[in-house]
Amino acid sequence: MAQIPTGEFITRSAEETFELAYRIGESLTESAVFLLAGDLGAGKTVFAKGLGAGLDIDPDHINSPTFTIVNAHEGRMRLYHLDLYRLAGSAEEVYEIGLDEMIAEPGAVVVIEWAERLGRFIIPATYHIKISHVTEMNYDERRVAIRFKE
Ligand code: ADP
Ligand code: MG
């Protein structure tokens, strides 16, 4: 298993969140799934970009897909970037986009924004990343909580 830090991290800029994710991406050597939760503008896409950059993918190519739900990027490992914002939250929809094939693919990294919309679809052995504002006072500060769930 890659050495992925768990616990709570405070970042003070988008660059720091990018850097935190970059170091995680850089350390990956085998398939992994990351579920990103947090409000609109929390920094989920910033995190996905950093993760991808750590896999040698150009972060400018990693954007929240507007009309597609999943984008695949080729780096040191393949990255599937999903944004489930437009899903209503039924497990059937998630099966239709082929998520179970993506997570079963050897050497593929899967990062999912709006993981709350997975509904009843359960993925074992995933990193749960919750990004939230720390205070209303500081707009650039975020709490990034990283947990691993079997
Ligand atoms: P989401 O994908 O969660 O909707 P984005 O990653 O697209 O959010 O946007 C996050 C926004 O917040 C960006 O404009 C980014 O520059 C800004 N930002 C400010 N501080 C931070 C921080 N500490 N971490 C991440 N993003 C931050
Ligand atoms: Mg986003």
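In what order do the seven strands form an open sheet? The order is β1-β7-β6-β2-β5-β4-β3, and the pairing is mixed.

This is a predicted model, in which local features need pLDDT of at least 70, side-chain atom pairs count only at pLDDT 80 or more, and totals for chains, interfaces and linings use all residues. Residues are numbered from 1 along each chain as its sequence is written, chains are lettered from A and ligands numbered from 1 in the order in which they are written, and side-chain values use heavy atoms, with hydrogens and water left out.

View 1. Strands are DSSP runs (E, at least two residues), and helices are runs of H or I with at least four residues, numbered from the N terminus. Two strands pair if DSSP finds at least two bridges between them. β1 and β3 (70–74) stand at the edges with a single partner strand each, so one side of each has no neighbour in the sheet. Neighbouring strands are turned by 20° against each other on average, direction ignored.

**View 2. Strand partners.** Strands of a sheet pair through backbone hydrogen bonds, either parallel or antiparallel. β1 (residues 7–11) and β7 (residues 142–149) run antiparallel, joined by five bridges. Here threonine 11 stands opposite arginine 142. β6 (residues 126–133) and β7 are also antiparallel, over eight bridges. Lysine 130 has alanine 145 of β7 as its bridge partner. β4 and β5 pair in the parallel sense over six bridges. Histidine 81 has valine 111 of β5 as its bridge partner.

**View 3. Helix α1 against helix α2.** α1 (residues 14–27) and α2 (residues 44–53) pack at about 40°, with axes 6 Å apart. Axes are lines fitted to C-alpha atoms, for helices over the stretch in contact; angles run from 0 to 180 degrees between N-to-C directions. That makes α1 oblique to α2 (under 35 degrees is roughly parallel, over 145 roughly antiparallel, 65 to 115 roughly perpendicular, the rest oblique). Contact means heavy atoms within 4.5 Å. Residues making the contact include Phe18 and Tyr22 of α1 and Phe47 and Leu51 of α2.

**View 4. An aromatic pair.** The whole structure holds three aromatic pairs. Tyrosine 85 and tryptophan 114 have ring centres 4.8 Å apart and planes at 50°, so the pair is tilted. Rings of Phe, Tyr and Trp (its six-membered ring) pair if their centres lie within 6.5 Å; planes under 30 degrees apart are stacked, over 60 edge-to-face, the rest tilted. The two residues are 29 residues apart and link distant parts of the chain.
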